[in-house]
Amino acid sequence: MTAFRRPVSACRPTRLASRLVGLGLIGLAASASAETSLNVVGSWSSLELHRQFEKPFWSETLPAQSNGEIATQVTTHDQMGITGGDVFRYLGDGLFDVGMTVADYTVGDAPALEGLDLPMMASDIDSAQRVADAFRPLAESTMNERFNSHVLAIVPYPAQVLFCNTPIEGVESLTDKKVRASGRSTGEFIEALGAQSLNIAFNEVPGSLERGVIDCAVTGSLSGYSAGWHEVSSHLLALPMGGWDYVITAINLDKWNGLDETTQDQIQSSLDSEFVAPVWDNARTETARGIACLTGQGECPLGDPAGMTLVNATEDDLAAARQALEDTVLPAWAARVDADTLEAWNSSVGQVVGLTATTP
């Protein structure tokens, strides 16, 4: 089974601060007239979420809406050369002010965050948004305690579907296949379906597919297109077996508490209207656009369509996926968190998705 654990304390040597200084993030100059300066680290630089939403919001929209009272410097974790799983560790240490990363990347430090995105828990975008809204209080308490951070937003990537470089007909075809999972819970889900789960970084997947290190990999439909996964894959199973890879945007808690109420309100209200709402609206069509771009079945507004074979999930696929969630994934997660987390999840997300998490 893939290992995702790593102690938070292991990431706090002084040399890490020196490294980030060398990368140019700490000590960036802000506008001389700005009352507040924010150093911002976004998610994957090559993907639509950052290019069309994160970067424009933090670089242009927020400074403009604050009339220049808030100045920002924006980069991404991959441009800095740090892993997505390090973002909140560094954020909590105050090495930058605002950070964005996939919640599943952090679950070794904060298992409670897995409860946001268990595989096949939310099968469509509307239920995915209800889950995110219901989970927000639990995300806030977890981020406070584990990463000294305050949650500003939770937004999705497109549905996390399955790319394979070998013919498949459905989930039964995954038996004995080597599959790159997008998180620990997804790995457990894949293994419950009879496959072998491997932990491979997103940007290393195309090479791994091409060399036959893995047979299949999970990511968002449009994310996979943008990253060129269709060039090394032949079949696409349109089943959200990896959830939605929600990205949490958070601010260092000391930084947040040091801002006056007017500035806090400005940041949150601008985020809600100019970032969160547009991302969710875009997500309603993003999965379908990704599938169209990958298969050529429909219009692709982003470039030349690929010719992957689309495999539509059957009722048997859906039943097998739901059984894997209920019998394996949910109990395994419940065993990793405390009783308070289970109670909070069951009374919020559990009510939305019709599930009850109990320890095995």
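This is a predicted model: local features need pLDDT of at least 70, side-chain atom pairs count only at pLDDT 80 or more; totals for chains, interfaces and linings use all residues.
Biologist: Why is H2 called roughly antiparallel to H10?

Modeller: Helix H2 (residues 48-65) and helix H10 (residues 261-295) pack at an angle of about 160°, and their axes are 11 Å apart. Angles over 145 degrees count as roughly antiparallel, so H2 is roughly antiparallel to H10. The crossing of H2 and H10 is right-handed.

Biologist: Which residues in H2 meet which in H10?

Modeller: Contact here is heavy atoms within 4.5 Å. On the H2 side the residues include Phe53, Phe57, Trp58 and Leu62. On the H10 side they include Ile267, Leu271, Phe275 and Arg289. The residues of the contact divide into 10 nonpolar, five polar and five charged.

Biologist: What makes strand S5 mostly covered?

Modeller: Buried means under 20% relative accessible area. Five of the five residues of S5 (residues 160-164) are buried. Gln160, Leu162 and Cys164 point one way from the strand, while Val161 and Phe163 point the other way; all are buried.

Biologist: How do you know that S5 and S8 pair?

Modeller: Two strands pair if DSSP finds at least two bridges between them. S5 and S8 (residues 216-220) have five bridges, in the antiparallel sense, so by that rule they pair. In S8, glycine 220 is the bridge partner of glutamine 160.

Biologist: What joins S5 to S9?

Modeller: Three bridges join S5 to S9 (residues 235-237), and the two strands run antiparallel. The rule asks for at least two bridges, so S5 and S9 pair as well. Leucine 236 in S9 stands opposite phenylalanine 163.

Conventions
Residues are numbered from 1 along each chain as its sequence is written. Side-chain values use heavy atoms; hydrogens and water are left out. Axes are lines fitted to C-alpha atoms, for helices over the stretch in contact, and angles run from 0 to 180 degrees between N-to-C directions. Helices (H or I, at least four residues) and strands (E, at least two) are DSSP runs, numbered from the N terminus. Angles under 35 degrees count as roughly parallel, over 145 as roughly antiparallel, 65 to 115 as roughly perpendicular and the rest as oblique. A crossing is left-handed if the near helix is turned anticlockwise from the far one by less than a right angle, and right-handed if clockwise. Ala, Val, Leu, Ile, Met, Phe, Trp, Tyr, Cys and Pro count as nonpolar, Asp, Glu, Lys and Arg as charged, and the others, Gly among them, as polar. Buried means under 20% relative accessible area, exposed over 50%, partly exposed in between (1.4 Å probe, protein chains only).
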